[in-house]
Amino acid sequence: MSVFGGDSWAREAQCRKRRVDDLLVEGIDASAYKKLPNGKFTCLVCPHNPILDTPLSLSMHGKGSRHRAAESRRKERELWRQEELSKRLALSNCVTSTSSSNVSYQQCKRGGKPLIERTRKAASEIFSYEIIEQRNKCRKPDAESVISSCLYGQSIERKEGPVEMMVARKEVVVDQVQQLDYRERRERELQFTAAGWKRDCHGRWFKDENVEFDSDEEDPNVVLNDK
Amino acid sequence: MYLYSLTLQQATGILCAINGSFSGGKSQEIVVARGKVLDLLRPDDNGKLQSLLSVEIFGAIRSLSQFRLTGAQKDYIVVGSDSGRIVILEYNKEKNTFAKIHQETFGKSGCRRIVPGQYLAIDPKGRAVMIGACEKQKLVYVLNRDTAARLTISSPLEAHKSHTIVYSICGVDCGFDNPIFAAIELDYGEADQDPTGQAANEAQKHLTFYELDLGLNHVSRKWSEQVDNGANLLVTVPGGGDGPSGVLVCAENFVIYKNQGHPDVRAVIPRREDLPAERGVLIVSAAMHKQKSMFFFLLQTEYGDIFKVMLDHDNDRVKELKIKYFDTIPVTSSLCVLKSGFLFAASEFGNHALYQFQAIGDDPDVEASSDTLMETEEGFQPVFFQPRKLKNLVRIDQVESLMPMMDMKVINLFEEETPQIFSLCGRGPRSSLRILRPGLAISEMAVSQLPGVPSAVWTVKKNVNDEFDAYIVVSFPNATLVLSIGETVEEVSDSGFLDTTPSLAVSLIGDDSLMQVHPSGIRHIREDGRVNEWRTPGKRTIVKVGSNRLQVVIALSGGELIYFEVDMTGQLMEVEKHEMSGDVACLDIAPVPEGRRRSRFLAVGSYDNTIRILSLDPDDFQASVGGEDGADHPASLFLNAGLQNGVLFRTVVDMVTGQLSDARSRFLGLRAPKLFSIIVRGRRAMLCLSSRPWLGYIHQGHFLLTPLSYETLEYAASFSSDQCAEGVVAVAGDALRVFTIERLGETFNETAIPLRAEEREAAKKECFEAAGMGENGNAEQMENGGDDEDNNDPLSDEQYGYPKAESGRWVSCIRVLDPRSTETTCLLELQDNEAAFSICTVNFHDKEYGTLLAVGTAKGLQFWPKRSFEAGYIHIYRFKEDGRVLELLHKTQVEGVPLALCQFQGRLLAGIGPVLRLYDLGKRRLLRKCENKLFPNTITSIHTYRDRIYVGDMQESFHYCKYRRDENQLYIFADDTVPRWLTASHHIDFDTMAGADKFGNVYFVRLPQDVSDEIEEDPTGGKIKWEHGKLNGAPNKVEEIVQYHIGDVVTCLHKASLIPGGGECIIYGTVMGSLGALLSFTSRDDVDFFSHLEMHMRQEHPPLCGRDHMAYRSSYFPVKDVIDGDLCEQFPTLPMDLQRKIADELDRTPGEILKKLEEIRNKII
């Protein structure tokens, strides 16, 4: 064989190199670098994640001053995080016991947004209470109220008593008809635009000159005005 | 998105073929190149072509040649590929592999014009090989032998000549003088310099001889002479005592004999009588056959006619050149004349065939000769002939080929378990619609009704040494029927079998006695007719039996096992009893190993979900050695078990300890599989009967488990008689069926429906729409081509081609086909030189017709010298009679060729040249409602989803458009950055499209999520309207997320799932007739595993022909996020130590890797 296999020294050399590489890499903390799919390495400590071609250069990089600095920064950050975590843990206990003290407030402010958090919590409590209440009420009255609330897009205030319910129901029905009518009309208009009609500044319809029409096509000026 | 690419069916077309004795000795084999696959074929004793070996080389094979060193017994293969290397291969018969003997690098990789690889020529004495490029470069390698008789190859010698185009090269047979190579060359140096074009018109082809001086180790131009400008092919003429030496130059209308210092001997090629005068006749393939006393050539023309060429010579002087009509077969890319009297015709398109010579054309027939050549003022006098039926050849086998696959749909029209693939294949008169189903093809030999519903069937021989089976025994619930096999199959009563009771097993025991096991005992019938009966003790009955040739184990109700052995005298002796804890569900004994008296293991499956392996050794009888769950059947090393829930369970049995390991399971169907051992191609195979039959067998070293395309069977046994050497007899319902299994190793079986599609010019587009309508699914497709006369010839067009018309004529039709009955229900011929180019079904909103068919056509389309046409039309047809018949509604003229049609929101979208237009249905014509003219070239595909339109441009990849109803406008909002020449496309999801380009790449593009959201959340529409891109492009760009080089032009893409309940994958079909799938990975672990496996495979198992795998898959664009399953699946072909090494690096065992490979394949098919 000319090129492949056989007893060439190349494979042995390759093995030796790989072994050396392995030894080099062994000394470095596994979380500090990552092996990329293309066989290169990237340093996870340095903020700009430099790419290093060989384990040798990785180990050299590990001894560099920048890397050292980054490493110490990282450790610092880790420590700080740990501290913060323990603080928070302690805090979460104190919040439940004492409603609000100045110290805890300041502490919380730095970490998250405790006020917003608290508001949200309160709101959710109120909402969930309301939903339960609503459900209890909704059981009797029929589906219309649900529809209406959907239509208005907000939950309407509900009062006790059958009279008000009746009034509300009527309003809803009228409104629904109007809305449907508007939608239908809009749909018809869209159909005409899609068919190639256009509107002038007076709102009258005219045919687009680039579009072809059937001989007996409906005229929107007539059709839509009739309605 | 990560994809796993797997070829489901290798390419079926053949680009070149060579024949020789590659395994040594007298055998004759054929090596064929199918694009990126190298195949070794051999005609077997029955004249069937068998594929011995198929290797994917991950590169493009451009030329093949074979040579033999003087005095050697074996041929070597030289491969010219796109790797920039010359590779010499040897076939290793023992390992069944191609071994790479030499690989020499000479240039850059890729198909380039000056890098050699396109042409190969061999010195007929096997002393040198020339490898040439299309232009300039030619290299000569000297082949020799070293002291250990190994083949050596020299460093290359250059025979370059710049500014030269090469048309053909070949070796010249000059005995043992210095090797000479001949080439047809054209010097374009002057034509390049001359701006007036006069030199280009006067350019002249030359025949040049290159001599390799073995003494000086140097190549020189020996001789060059002008040759006919129509010359296209060279054929070696035998020399050195066998013939006059020199070459045959095949030119337009002529064959010319040329040699140095010899006058030209020229003869005209006979013409078909109906051939128009302006058409020439070209030779496209040639073969030479040489025997001790004579030699002749077979030359095939572009119309398929084969001529036999003979040289009348007196030593070195050629007196006469005779060309005699031989036969007509479909046009081939290569002809191979085998020494065993066969002709292998590798068809250019459509099925390949193997012919046998009936005669060698000695009978008188139309003949042109150099002696009778007459020259008049109009030129040489032509000779005419009329094609006739085959006289000298008879076809004995054919190999299916899907090449070229033009279009494909995957749809379940027949409501089967898996969808069918409907593909349009072939070209011209050999076009066909082929229905592909996953599974092996079977051919049914006989079906006969039985008097009742049988429960089981067996076949038995009378003697171990018999070739054929003697009886078929069929068991009914209360009786047994014995049929003897002879000339006919008939019932007999003198067989000695008990016929008043059902049977549990019937087999041959010992060397020549028969055994019948029935519920109340064992009946042992000796050769001389004596019957020994063994009765069960008490009222207990036999429930299960397991036996091989020398051992029988029966299980009695209650769970007692009794073990019998055949002793030296042929008696069946009870040896042991063993009490099991409960009833036995099934049991089996492994076959007796060669040269032993017994098999060591018995497998017993119980109803407590265990399989126990019991030892049958006399010293440690029936010690339980293993445990697993299910029911059984051991095949050699493996224990296969069919479980109640329809799963086949396979484990390896350790031959020494009997331990079970490496369990794999596969779901086969809804019924509990029953397993039977049968013989396929002389090897044991396993037939599993679940809701459909499956066959587990070994093919080229791989274990394959493939469904059979056949109905549900109850019970089966192997069958062998003199009509059917290797068959299967099975019972289903009340019928007895005998069938054989064919074309092992293939993934799909096909049903072909010939189409009357004729075609002339290039660019044929066949489009095909399969729409399920009502109960009977109908497929509409159209095909087109060129031909203008009606053919009243009794000869089939498939064989002889259509009569040729002048150029620029088209014939096209629209056909509605019922795939169930394969019958054409409607055939509409397009008139007036009109041809159809696109088709789609469309439902117009608020119109009364329901589903309509739109067909885009062009009239008088010409591609050369300039693309032109008379008119383009869109036809609208309506379906009548339940979709069986079409009726023309109207026809609308458009100003371009409509190459793409698609339904969109109740209207019709048409791509007419560079214009995308929306049509509505009018009373007399289609009404143009809206258009966008901003597409760069020509629209070739349209897909729609909701209000988005995905337009594929012929040269510029995808454009994403949006239709705004309120403004009645079409906007292009995104396009691709890469100019892709689109050949196929498919819509994946809202933001993603899959496409394939003409260079053989498959790619996916996706609109980035934020851009997509922005476009969807543009309430006023102002942005989309006023935003402009740079350099006339669209404002947004899609991103390429997947890229992969397939190495073959993909013509159709489809999203489908080929297994019941499986995930969807992208199925593609290619011009070469291969089918493949791209499956997306579901877990990150799998991606990691397979990418590492691929990486190791790349390193440890470089492709055979020297192309770097990574470079090949990244030929045009770097491969992205696709793992090559074809490479990974070569893992089992590696030597065991290499397998182990790779497995170690992946922290797994080779078995686990094989299991993983099998799993992922089973997810696709």
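1. In this predicted model, strands β38 and β67 (residues 748–754) of chain B run antiparallel and are joined by seven bridges.

2. β37(B) and β38(B) form a hairpin with six residues between them, and B:Gly426 in the turn has a positive phi of about 80°.

3. β38(B) spans residues 432–438, and seven of its seven residues are buried. In a regular strand, side chains alternate between the two faces of the sheet. Both faces are covered in β38(B): B:Ser432, B:Arg434, B:Leu436 and B:Pro438 are buried on one side, and B:Leu433, B:Ile435 and B:Arg437 on the other.

4. Turning to the interface, the contact involves 20 residues of chain A and 17 residues of chain B. About 1600 Å² is buried between the two chains, with carbon and sulfur atoms giving 39% of that area. B:Arg928, B:Lys929 and B:Arg965 supply 36% of what chain B buries against chain A, more than any other three residues.

5. Five salt bridges are found across this interface. One has the side chains of B:Glu1145 and A:Arg18 at 3.9 Å, N to O. Ten residue pairs are in polar contact across the interface.

6. On the side of chain B that touches chain A, β9 (97–105) and β79 (926–932) are the elements giving two or more residues. β79(B) has the largest share, four residues. By class, that side has ten charged, three polar and four nonpolar residues.

Conventions
Residues are numbered from 1 along each chain as its sequence is written. Chains are lettered from A and ligands numbered from 1 in the order in which they are written. This is a predicted model: local features need pLDDT of at least 70, side-chain atom pairs count only at pLDDT 80 or more; totals for chains, interfaces and linings use all residues. Side-chain values use heavy atoms; hydrogens and water are left out. Contact means heavy atoms within 4.5 Å. Buried area is the accessible area (1.4 Å probe) that two parts lose on being put together, summed over both. A salt bridge is a side-chain nitrogen of Lys or Arg within 4 Å of a carboxyl oxygen of Asp or Glu. A polar contact is a pair of N or O atoms within 3.5 Å; within protein, one must be able to donate a hydrogen and the other to accept it, and residues adjacent in sequence count only if both atoms are side-chain atoms. Ala, Val, Leu, Ile, Met, Phe, Trp, Tyr, Cys and Pro count as nonpolar, Asp, Glu, Lys and Arg as charged, and the others, Gly among them, as polar. Buried means under 20% relative accessible area, exposed over 50%, partly exposed in between (1.4 Å probe, protein chains only). Two strands pair if DSSP finds at least two bridges between them.
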